Amino acid sequence: MNALQNPLALISRLLLAALFLPAGIGKITGFEGTVGYIASVGLPMATAGAVAAIVVEVLGGLALLVGFGTRWAALVLALFTLTASFFFHNYWAVPAEQQFMQQLLFMKNVGVTGGLLALAAFGAGAFSLDARRTN
């Protein structure tokens, strides 16, 4: 398995970036809808929250993509993902007909958080800008 460590770290980063980059870009192109959605769950300063989400998802996604500051980016994205899960996928507080889907999305985010924490713990691997900076 050691021979697969670096290719798997790269694939992990690419797959996670494929989740966050489009989400961040979608928030840019649908900014007003994003602000409205954030406000709809009762969070204050919805516009500032939308901007923060865009910055985290786009910059964090790019960092994962190229493997630059990967450990920090993964930690920030993990915290962001877990926090967002409690506000936007709170399956315990929605009507019964919505609980299954919201619980599924919540648990998906828990799994994504686990993957991000693994990247934070073990780093980007050899196929990254992080590795080039340390050599």
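Colleague: In which helix is the place of Leu 14?

Modeller: Leu 14 sits in helix H1, a helix being a DSSP run of H or I with at least four residues, numbered from the N terminus. This is a predicted model, in which local features need pLDDT of at least 70 and side-chain atom pairs count only at pLDDT 80 or more, while totals for chains, interfaces and linings use all residues. Residues are numbered from 1 along each chain as its sequence is written, and side-chain values use heavy atoms, without hydrogens and water.

Colleague: Why does Leu 14 count as partly exposed?

Modeller: Its relative accessibility is 36%, and buried means under 20%, exposed over 50% and partly exposed in between (1.4 Å probe, protein chains only), so Leu 14 is partly exposed.

Colleague: And what makes Leu 59 buried or exposed?

Modeller: Leu 59, which lies in helix H3, has a relative accessible area of 54% and is therefore exposed.

Colleague: Which residues make the nonpolar surface patch?

Modeller: Leu 14, Val 51, Val 55, Leu 59, Leu 62, Leu 65, Val 66, Phe 68 and Leu 129 make this patch of about 710 Å², and helix H3 (residues 46-66) gives the largest share, 6 residues. Patch members have over 30% relative accessible area and no salt bridge (a Lys or Arg side-chain nitrogen within 4 Å of an Asp or Glu carboxyl oxygen); nonpolar side chains (Val, Leu, Ile, Met, Phe, Trp, Tyr) are joined within 5 Å, like charges within 9 Å. Areas come from the Shrake-Rupley method with a 1.4 Å probe, only the protein chains shown counting as cover.

Definitions and conventions. Helices (H or I, at least four residues) and strands (E, at least two) are DSSP runs, numbered from the N terminus.
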